[in-house]
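Here are a few friendly notes to read alongside the structure. Take them one at a time, and keep the 3D view open as you go.

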Amino acid sequence: MPLKDRIPMPEQDPKLRITNFDEVALGYTEEQALMEASRCLQCPNPTCIQGCPVNIDIKAFIGLIQEGKFTEGYYKIKEKNNFPAMTGRVCPQETQCEASCVLAKMGKPIAIGRLERFLADHEMYKPQQIETEKKNHIPVACVGTGPASLAAAANLAKKGYEVHLFEALHLPGGVLSYGIPEFRLPKKIVNHEIMLLSDLGVFIHTDVIVGKTYTLQQLRREFKSIFLGTGAGAPLLLGVPGENLNGIFTANEFLIRVNLMKAYRFPEFDTPIKKGKEVVVVGAGNVAMDAARTARRLGANVTIVYRRSRAEMPSRAEEVQHAEEEGIHMKLLTNPVAFHGKDGWVQSVEVVSMQLGSPDERGRRKPIPIEGSNYEIYCDQVIVAIGTTPNPILKYSTPELLLTPHGNIVVDEQYQTNIPGVFAGGDIVTGSATVIEALGAGKKAAIYIDKFIKGA
Amino acid sequence: MYELVDKELVAPDIWKIKVRAPHIAKAYKPGNFVIVLPHERGERIPLTVFDTDEENIHIVFQEVGKSTKLLGKMKVGDQIQDIMGPTGHAFPSQKFGNVVLIAGGVGAATAVPLGKHLHACGNNITIILGARSKNLVLFEKELQDISEKLIITTDDGSYGVKGFVTDALKEILSNEVVDLVLAIGPAVMMKAVSDLTRPLKVKTLVSLNSIMVCGTGMCGACRVGYKDGTVLTCIEGPELDGHMVDWNTLLPRLSMYKEEEAISLSLLDNESR
Ligand SMILES: Cc1cc2nc3c(=O)[nH]c(=O)nc-3n(C[C@H](O)[C@H](O)[C@H](O)COP(=O)(O)OP(=O)(O)OC[C@H]3O[C@@H](n4cnc5c(N)ncnc54)[C@H](O)[C@@H]3O)c2cc1C
Ligand SMILES: Cc1cc2nc3c(=O)[nH]c(=O)nc-3n(C[C@H](O)[C@H](O)[C@H](O)COP(=O)(O)OP(=O)(O)OC[C@H]3O[C@@H](n4cnc5c(N)ncnc54)[C@H](O)[C@@H]3O)c2cc1C
Ligand code: SF4
Ligand code: SF4
Ligand code: FES
Ligand SMILES: [Mg+2]
């Protein structure tokens with residue numbers, strides 16, 4: 001029997017979607033989910049499971065979809081992952097679970113992420129059945145409210161702990177709230193999955209900067225153990241002349257204004273954003289794609305400038321495809337060397353063409369500037385999306401916390417830092433990674449936090 | 001939600017409010033500020049903590065645009081949506097020696113807590129307090145109490161000496177040994193002060209008023225050219241070395257959203273009419 005094709009994801013038409021911030025991928029209907037699930041071979045030795053960083057029993061939940069048992073399928077996922085509506089949407093499935101599906105060899109892996117999302121969307125607004133251990137009234141703190149802390153909190157709460165989350169911003173969710181745009185991950189869904197956490201008895205304290213409002217030392221007196229999930233939120237800059245001109249944004253500022261502060265609805269919301277006409281986005285990761293697609297929706301003609309070639313683009317393939325469908329241009333093998341402006345405002349990016357040299361130690365070919373190839377790209381806005389590093393606030397107030405030279409927190413194999421009882425996970429430990437890896441770290445740290453407290 | 005527990009008009013369009021936030025009051029150190037989100041659909045704006053008591057933080061602000069006007073309209077008992085903090089570096093607890101503290105306009109709201117702190121650290125303080133005219137001279141009494149000498153300048157000569165703070169500073173610098181100049185006020189004033197002290201190599205700190213969003217070092221909105229690179233004012237400042245600041249990048253950045261700010265303001269005026 002010939003292998004059937006993957007059921008495509010229904011999507012908003014590109015021409016329409018660049019005029020709104022509504023979700024692009026619309027989700028499977030029951031019928032589509034049943035059809036996609038029917039392609040799964042229910043392998044006796046399912047390789048897909050190892051591809052998922054939290055080892056969801058993929059075979060089992062897809063089997064349950066095949067039987068029409070959606071509720072059971074949903075709880076099968078929830079055994080391992082508390083936030084399937086989010087991961088089903090944003091996981092880089094093509095390099096994780098789906099890459100490990102036996103059908104990937106034929107180029108037609110089961111659409112595991114889409115099925116996961118289907119179950120979550122189908123079930124998450126129903127009353128939840130979650131078994132939790134009896135409350136033990138032992139207080140534990142999680143710092144930050146990104147996926148790492150959310151997962152740590154959920155798993156500790158299920159074990160009966162009294163969990164308090166502390167977030168510097170006024171809304172919880174970390175990158176899920178302030179970074180990933182509405183059209184990829186609607187905030188309604190983020191808020192709902194976080195609310196389900198409150199239902200587990202987790203307390204969320206916003207407006208609290210740990211290291212400023214409370215020091216880590218103070219928290220250590222009040223809480224039996226602490227998990228640090230503070231992310232890698234500080235923006236990197238290119239360090240080239242003219243970078244502080246008006247109209248040049250870091251991707252973080254641009255996305256925080258638009259997503260967290262809802263500047264796309266200015267003046268109904270008070271935070272302003274500049275709407276560019278010709279926008280250059282520097283970088284080619286997920287963040288760059290999000291910034292480019294956001295600028296497009298604000299009405300701009302957008303060009304992505306990236307110093308390597310298409311093969312090296314760190315973004316998910318799906319995001320690059322979405323960006324191109326939306327009319328975003330790509331200038332590859334091109335690197336900014338300066339910004340020029342007038343009256344304080346950016347007017348052009350001076351770039352140099354690049355060529356790829358021999359591979360570096362990680363196998364990536366190093367881009368080398370082609371001498372004398374400089375030219376200018378005219379623009380009225382630039383968004384720099386070349387990565388982030390750990391925020392130094394905690395470091396300033398907690399000099400005893402052991403960090404790598406890059407500012408990441410050093411942990412042992414049990415996620416414990418050099419300070420006893422203080423654990424850490426997610427981007428603050430690994431550097432920028434993925435939502436599911438952060439969720440996985442938080443979840444595993446919760447196991448060791450439980451052990452630490454019970455052993456003490 | 002943070003309750004407004006007291007409100008007082010200290011000068012035309014300038015309010016002093018007390019807001020219940022015991023945890024911030026407890027953590028506060030001079031030099032810190034808070035990020036205030038006035039209402040659910042609001043923007044995050046930085047305001048200096050003027051003073052604290054057991055339960056409350058005190059803030060002095062001038063109504064200049066939509067957010068500050070909305071705060072100005074709030075009544076005792078009303079709730080402010082969010083206040084995050086304290087944030088920003090605490091001012092060093094150091095004896096510099098002879099300090100000239102310059103406060104321009106509503107900068108006096110930041111000068112009072114820093115002046116008190118410098119005084120408590122045993123510094124000898126001369127204050128230059130500048131305003132456009134007499135009714136905008138702020139906190140004369142409070143600043144008098146902590147200074148050896150207080151010079152008031154007004155642009156129109158309606159009070160004190162007619163002229164700018166830099167005129168008074170020039171005179172002091174030519175007659176006295178000054179170990180530190182601390183300037184707080186409009187950016188153009190702080191730039192003028194820095195330009196004056198640079199050739200004389202007098203250590204000069206300024207309290208930068210960069211446009212901010214996060215206040216925690218993650219957005220980069222508040223960045224400013226500094227030395228050979230760039231710093232984030234919210235976590236490395238707000239007090240920074242005036243001789244290191246690249247004023248040419250700071251000044252235009254402050255008016256980046258002028259058009260949008262005017263739209264917000266006119267909509268607000270229409271609403272209240
Ligand atoms: C624009 C963008 C798009 C992305 N797209 C994807 C995607 O499609 N798929 C994917 O898998 N990954 C994506 N990522 C990466 C992913 O979001 C991160 O790897 C993940 O969010 C890391 O989670 P975390 O919990 O470690 O930290 P974060 O999500 O960064 O959360 C950290 C939180 O801690 C708070 N905090 C920091 N310091 C303090 C303090 N001192 N006190 C209190 N609170 C503090 C911060 O305000 C923040 O809310 C994207 C990232 C960005 C920026
Ligand atoms: C560290 C710091 C401490 C401050 N302390 C005080 C204080 O104690 N009292 C006081 O009256 N003012 C203070 N300010 C200035 C205050 O933040 C602005 O006046 C306020 O944000 C104006 O908002 P608005 O919506 O009312 O006016 P708008 O019409 O929106 O803006 C008027 C001007 O204020 C500045 N501004 C606008 N938005 C911001 C923002 N998000 N962040 C910073 N500046 C902005 C811009 O230069 C703008 O042109 C401080 C600023 C900083 C950076
Ligand atoms: S959590 Fe992510 S990696 Fe794991 S199965 Fe779901 S989509 Fe795949
Ligand atoms: S490897 Fe693929 S086909 Fe096999 S069980 Fe997993 S998802 Fe189904
Ligand atoms: S205000 Fe966001 S980095 Fe300073
Ligand atoms: Mg404003």
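This is a predicted model: local features need pLDDT of at least 70, side-chain atom pairs count only at pLDDT 80 or more; totals for chains, interfaces and linings use all residues.

1. What pLDDT does chain B average? Chain B averages a pLDDT of 95, and 100% of the residues score at least 70. For the complex, the predictor gives an ipTM of 0.96 and a pTM of 0.96.

2. An unreviewed UniProt entry lists them under "domain: FAD-binding FR-type". In the model, 46% of this span is strand and 15% is helix.

3. Now turn to ligand 3. Which residues come nearest to ligand 3? There are 13 residues around the ligand, and the nearest are Cys52(A), Cys91(A), Gln96(A), Cys97(A) and Glu116(A). Sorted by class, the shell holds 8 nonpolar residues, 4 polar ones and 1 charged one.

4. The backbone deserves a look too. Most residues other than glycine have a negative phi, and most peptide bonds are trans. Keep that in mind for the remaining points.

5. Look for two cis peptide bonds, one in chain A and one in chain B. In chain A, the bond from Phe266(A) to Pro267(A) is cis, with omega near 5°. Pro267(A) sits in the loop that links helix 13 (251–260) to strand 7 (278–282) of chain A. In chain B, the bond from Gly85(B) to Pro86(B) is cis, with omega near -5°. Pro86(B) belongs to strand 8 (residues 82–87) of chain B.

6. Where in chain A is Leu333(A)? Leu333(A) lies in the loop between strand 9 (329–331) and strand 10 (334–342). Although Leu333(A) is not a glycine, its phi is positive, at about 50°. Is Leu333(A) buried, partly exposed or exposed? Leu333(A) counts as partly exposed because its relative accessibility is 26%, and that class runs between 20% and 50%.

7. Finally, visit Lys227(B), in the loop between strand 15 (223–226) and strand 16 (229–232) of chain B. Lys227(B) has a positive phi of about 50° and is not a glycine. Why does Lys227(B) count as exposed? Its relative accessible area is 58%, and exposed means over 50%, so Lys227(B) is placed in that class.

Conventions
Residues are numbered from 1 along each chain as its sequence is written. Chains are lettered from A and ligands numbered from 1 in the order in which they are written. Side-chain values use heavy atoms; hydrogens and water are left out. UniProt positions are given in the numbering used here, feature names are shortened, and annotations may be inferred rather than shown by experiment. Helices (H or I, at least four residues) and strands (E, at least two) are DSSP runs, numbered from the N terminus. A residue is near a molecule or strand if one of its heavy atoms lies within 4 Å of it. Ala, Val, Leu, Ile, Met, Phe, Trp, Tyr, Cys and Pro count as nonpolar, Asp, Glu, Lys and Arg as charged, and the others, Gly among them, as polar. pLDDT is the predictor's confidence in each residue, from 0 to 100. Buried means under 20% relative accessible area, exposed over 50%, partly exposed in between (1.4 Å probe, protein chains only).
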